[in-house]
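Student: Could we walk through how to read a model like this one, feature by feature?

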Amino acid sequence: MSAHIPFMNKNEFIISVNGLAPGETTFLGNADKEFFVKFENYEILDADLDVTLFVDKQHHYVDIDCDVDGTITVPCDRCLAPVEMPVSASASFRLSMKDGGAALEEDQEEVFLSEGSDVLDLSQEVYDFALLALPLQRFHEEGECDKAALDYLSEGEPDASEESAPTDSPFSGLADLLNKKN
């Protein structure tokens, strides 16, 4: 049976390894905008992420899986207005902390704690995991962008429906010379 333990402090994902009972333990936490500010990421305008860490303590090592679900608000790539992006990813990384001489599977990443340390801070892994879950292109659905911003950005661009000859072409003077000869 797995115990469900909330993290003591919001936006912190620190596990005391020596205090873990053998078997599975589930840690529940939340990451918001302040979590991303700690990493000096000011592109994240807001966030509400539920983070679940599944910790399985074995005889020689500890396996950790992570689920991240929620939303992250970032600037829209088209209009720069805030856009809320859903984030949902599960069990995408596995860390193992080696206690002894046990061999790990090839697909696992090995993490060592310094001598005498018994805490594992997984904040960096949660941060990386959340950012990797964001899509590369971040924009509103069609028609939902800030119209005023789009109008401002398109100011000065020629209207695609109008067919006009470029007036600043270096060859426009040649056409005038040809017309004068005829």
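**Around K57**

Student: Which residues does K57 touch, not counting those up to four places away in sequence?

Tutor: A contact is a pair of heavy atoms within 4.5 Å. By that rule K57 touches V17, N18, L20, A21, P22, G23 and V62, leaving aside residues up to four places away in sequence. Bear in mind that this is a predicted model, where local features need pLDDT of at least 70 and side-chain atom pairs count only at pLDDT 80 or more, while totals for chains, interfaces and linings use all residues. Numbering starts at 1 along each chain as its sequence is written, and side-chain values use heavy atoms, with hydrogens and water left out.

Student: Where does K57 sit, and what backbone atom does its side chain reach?

Tutor: K57 lies in strand β4, residues 46–57 (strands are DSSP E runs of at least two residues, helices H or I runs of at least four, numbered from the N terminus). Its side chain comes to 3.2 Å from the backbone oxygen of L20.

Student: Is K57 buried or exposed?

Tutor: Buried, because its relative accessibility is 16% (buried is under 20%, exposed over 50%, partly exposed in between, with a 1.4 Å probe and protein chains only). Compare Y152 in helix α3, residues 147–154: at 59%, Y152 counts as exposed.

Student: Which residues touch the most other members of the largest nonpolar core?

Tutor: Such a core joins buried Ala, Val, Leu, Ile, Met, Phe, Trp, Tyr and Cys through side-chain atoms within 4.5 Å. Here it has 36 residues, and F13, F36, L49, V51, L53 and I72 touch the most other members. Elements giving two or more residues include β3 (23–32), β4 and α2 (123–132), while β5 gives the most, with 6.

Conventions
Polar contact = N/O pair within 3.5 Å; in protein donor to acceptor, adjacent residues only side chain to side chain.
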